[in-house]
Amino acid sequence: MKVSVIGCGTMGNGIAHVFAQNGHEVNLIDLSRENLDRAMATVEKNLGRLVKKEKISEDDAKAALGRLNPTTELKAAADSELVIEAVFESFEVKKEIFTQLDEICDPETILASNTSSISLTKIAGVTNRADQVIGMHFMNPVPMMKLVEVICGQATSESTLERITQVAKDLGKVPVTVQDYPGFISNRVLMPMINEAVYCLMEGVAEEEAIDTVMKLGMAHPMGPLQLADFIGLDICLDIMEVLYDGFGDSKYRPCPLLRRMVDAGYLGRKSGRGFYDYS
Ligand SMILES: NC(=O)c1ccc[n+]([C@@H]2O[C@H](COP(=O)([O-])OP(=O)(O)OC[C@H]3O[C@@H](n4cnc5c(N)ncnc54)[C@H](O)[C@@H]3O)[C@@H](O)[C@H]2O)c1
């Protein structure tokens with residue numbers, strides 16, 4: 001199958017990797033040549049790791065890399081059967097891309113988004129093919145994580161859902177079908193838990209390590225909620241809480257003031273060197 005992935009950042013290069021490793025020809029499209037070079041190097045490194053672990057052969061890795069076509073031309077996506085968008089989490093940026101994709105792609109092309117929080121119905125609404133627009137929410141790191149949340153917008157057709165479910169299964173992933181409500185399942189359940197952990201910290205119920213230890217040893221979570229928040233990025237956690245709060249209009253989703261204060265201070269987690277823990 002011919003596939004195009006738009007955006008070659010954290011998620012885009014992982015998605016492209018998984019499709020290429022499974023025999024698909026993939027256009028990896030980004031505005032930035034520099035990011036494309038970095039993404040190709042990342043995919044090469046990650047394929048190399050799989051060779052070392054003897055999960056794939058050196059020839060398989062080479063062939064997978066050869067199936068990737070890095071390009072800055074959006075129109076390379078025109079004859080793809082499936083396009084997966086993984087650019088910044090901004091409706092304005094996604095709107096622009098879906099409008100253009102709708103114009104340039106074959107009428108049959110399915111347009112998917114890897115958005116973690118933007119309404120698929122809203123994205124589909126900027127195209128003339130809302131029945132062929134769907135969410136494919138991969139998890140980070142994509143080559144390792146089995147889950148794909150498959151999100152149906154209001155107008156997504158049954159045949160689009162069936163096709164994408166099969167595509168995800170063929171990649172060795174486990175697709176879960178979710179309707180288009182704020183936060184889908186993953187973030188609607190995860191983020192309020194993180195937010196509540198931040199409330200516990202703010203109210204002095206316990207210190208960071210204690211909160212994380214309770215959830216790790218008591219609930220068998222591989223990472224505590226504060227450690228996970230640092231890994232995801234506190235700005236992203238705050239944005240998603242805002243999406244839940246606005247989307248449901250329910251005070252139970254109000255972002256914790258301490259979370260907001262950390263973001264205002266520039267303490268964004270691992271990526272800024274400091275969050276609930278110090279990484280410097
Ligand atoms: N990072 C995660 O853990 C994660 C997990 C699940 C879903 N998501 C979602 O995946 C999407 C991508 O996130 P990311 O973390 O990979 O972002 P990122 O910032 O790592 O990468 C985004 C890439 O998109 C490119 N880009 C921006 N505008 C573009 C355009 N108009 N055309 C082509 N390329 C463009 C940028 O140059 C950049 O390389 C977001 O919607 C995010 O919510 C992220």
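Arg33 is in contact with Pro70, Thr71 and Thr72, leaving aside its neighbours within four places in sequence. The model is a predicted one. Arg33 sits in helix H2, which spans residues 33–52. Its relative accessibility is 44%, so Arg33 counts as partly exposed. Now compare sequence and space. Arg33 and Ala63 are 30 residues apart in sequence. In space, their C-alpha atoms are 22 Å apart.

Asp60 belongs to helix H3, residues 58–66. Is Asp60 buried or exposed, or does it fall in between? With a relative accessible area of 40%, Asp60 is partly exposed. Leu47 is 13 residues away from Asp60 in sequence. The C-alpha atoms of Asp60 and Leu47 are 8.9 Å apart.

Between H2 and H3 runs a loop, and Glu54 is found there. Glu54 has a relative accessible area of 72%, over the 50% cut-off, so Glu54 is exposed. Its backbone deserves a look too. Phi of Glu54 is near 60°, a positive value in a residue other than glycine. Most residues other than glycine have a negative phi.

Which other residue has a positive phi although it is not a glycine? Phe184 does, with a phi of about 50°. Phe184 is placed in the loop between strand S8 (174–179) and H7. At 5% relative accessibility, Phe184 counts as buried.

Asn140 and Pro141 are joined by a cis peptide bond. Omega is about -5° there. Most peptide bonds are trans. Pro141 lies in the loop between S6 and strand S7 (147–152).

**Buried residues and their contacts**

Thr109 is found in the loop between H4 and strand S5 (110–113). Its relative accessible area is 1%, and buried means under 20%, so Thr109 is buried.

Asn195 is found in helix H7, residues 186–202. Asn195 has a relative accessible area of 3%, so it is buried. Leaving aside neighbours within four places in sequence, Asn195 is in contact with Met241, Arg254, Pro255, Cys256 and Leu259.

Here are the accessibility values side by side.

| Residue | Relative accessible area | Class |
|---|---|---|
| Arg33 | 44% | partly exposed |
| Glu54 | 72% | exposed |
| Asp60 | 40% | partly exposed |
| Thr109 | 1% | buried |
| Phe184 | 5% | buried |
| Asn195 | 3% | buried |

**Two domains**

The chain is divided into domain 1 (2–179) and domain 2 (188–272). How many Å separate their centres? Taken over C-alpha atoms, the centres of domain 1 and domain 2 are 28 Å apart.

**The ligand and its shell**

A backbone N or O atom of Met11 lies 2.8 Å from an oxygen atom of the ligand. The side chain of Glu89 has an N or O atom 2.5 Å from an oxygen atom of the ligand. For Asn114, an N or O atom of the side chain is 2.9 Å from an oxygen atom of the ligand. Taken alone, the ligand exposes 840 Å². The protein buries 78% of that area.

Where does the shell come from?

Note on methods:
Residues numbered from 1 in each chain as written. Predicted model: local features only at pLDDT ≥ 70, side-chain atom pairs only at ≥ 80, totals over all residues. Heavy atoms only, no water. Polar contact = N/O pair within 3.5 Å; in protein donor to acceptor, adjacent residues only side chain to side chain. Areas by Shrake-Rupley, 256 points an atom, 1.4 Å probe, with all protein chains shown as cover. Helix = DSSP H or I, 4+ residues; strand = E, 2+ residues; numbered from the N terminus. Buried < 20%, exposed > 50% of the residue type's maximum accessible area, 1.4 Å probe, protein only. Contact = heavy atoms within 4.5 Å. Domains from an automatic or database assignment.
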